[in-house]
Amino acid sequence: MEEKWSIDKLDGSNWSTWKFQMKHLLLAKGLWGFVDGSEEVAGSASGETAAQFCSKAQRAFSTIVLAIKSAPLYLVSSCENPKQAWDALKNNFERDTLANKLFLKKRYFRTEMIEGTSMEKHLKHMKDIADKLAAFGAPISEEVKL
């Protein structure tokens, strides 16, 4: 019997968390290689080997598609395999332009804790911004985080 796994569906605002959880879900299912492109079928593969490859690639693709809410689903609707879908999502949500980096840094340094908000929620919000910046190759240094 297959284990049940559950993650929040991608809605656009939760990309960094979703990406982390989805990668580990696919790793746990042995399907990550179909997403990162490291799993390939040899051109001389037998019919059964090629069919198994195709089946696993389709499972990886379906796992990604079924973990996306309907609003951002258009981003992967024209994709034909899990790598294309992952790359399309990454290109959309990880725009590492200078303007985006500056916007996130400005947001990080100007964020104030909202009255009535828990410390845990505020720190999670700050970590989300820092994680986005790190994904763009512009991490917040440890000295600044303190």
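This is a predicted model: local features need pLDDT of at least 70, side-chain atom pairs count only at pLDDT 80 or more; totals for chains, interfaces and linings use all residues.

Student: How do you know that the length of helix H3 agrees with its number of residues?

Tutor: Helix H3 runs over residues 47–65, and at 1.5 Å a residue its 19 residues should span 27 Å; since its end C-alpha atoms are 27 Å apart, the two values agree.

Student: Which residues of H3 are buried, and what puts them on the same side?

Tutor: Ala-57, Ala-60, Phe-61, Thr-63 and Ile-64 are the buried ones. They cover an arc of only 160° around the axis, and therefore they lie on the same side of H3. The face turned away from that buried side carries Gly-47 and Glu-48, which are exposed, while the cover over the buried residues includes helices H1, H2 and H4.

Student: Why is H1 called roughly antiparallel to H4?

Tutor: The axes of H1 and H4 come within 11 Å and cross at roughly 155°. Angles over 145 degrees count as roughly antiparallel, so H1 is given that name relative to H4. On the H1 side the contact is made by Trp-15, Trp-18, Lys-19, Met-22 and Lys-23, and on the H4 side by Trp-86, Leu-89, Lys-90 and Phe-93.

Student: What makes His-122 count as buried?

Tutor: His-122, which is found in helix H6, has a relative accessibility of 14%. Buried means under 20%, so His-122 counts as buried. Leaving aside neighbours within four places in sequence, His-122 is in contact with Thr-111, Glu-112, Met-113 and Thr-117.

Technical notes
Residues are numbered from 1 along each chain as its sequence is written. Side-chain values use heavy atoms; hydrogens and water are left out. Helices (H or I, at least four residues) and strands (E, at least two) are DSSP runs, numbered from the N terminus. The expected span of a helix is 1.5 Å times one less than its number of residues. Buried means under 20% relative accessible area, exposed over 50%, partly exposed in between (1.4 Å probe, protein chains only). The arc is that of the directions from the helix axis to the C-beta atoms. Contact means heavy atoms within 4.5 Å. Axes are lines fitted to C-alpha atoms, for helices over the stretch in contact, and angles run from 0 to 180 degrees between N-to-C directions. Angles under 35 degrees count as roughly parallel, over 145 as roughly antiparallel, 65 to 115 as roughly perpendicular and the rest as oblique.
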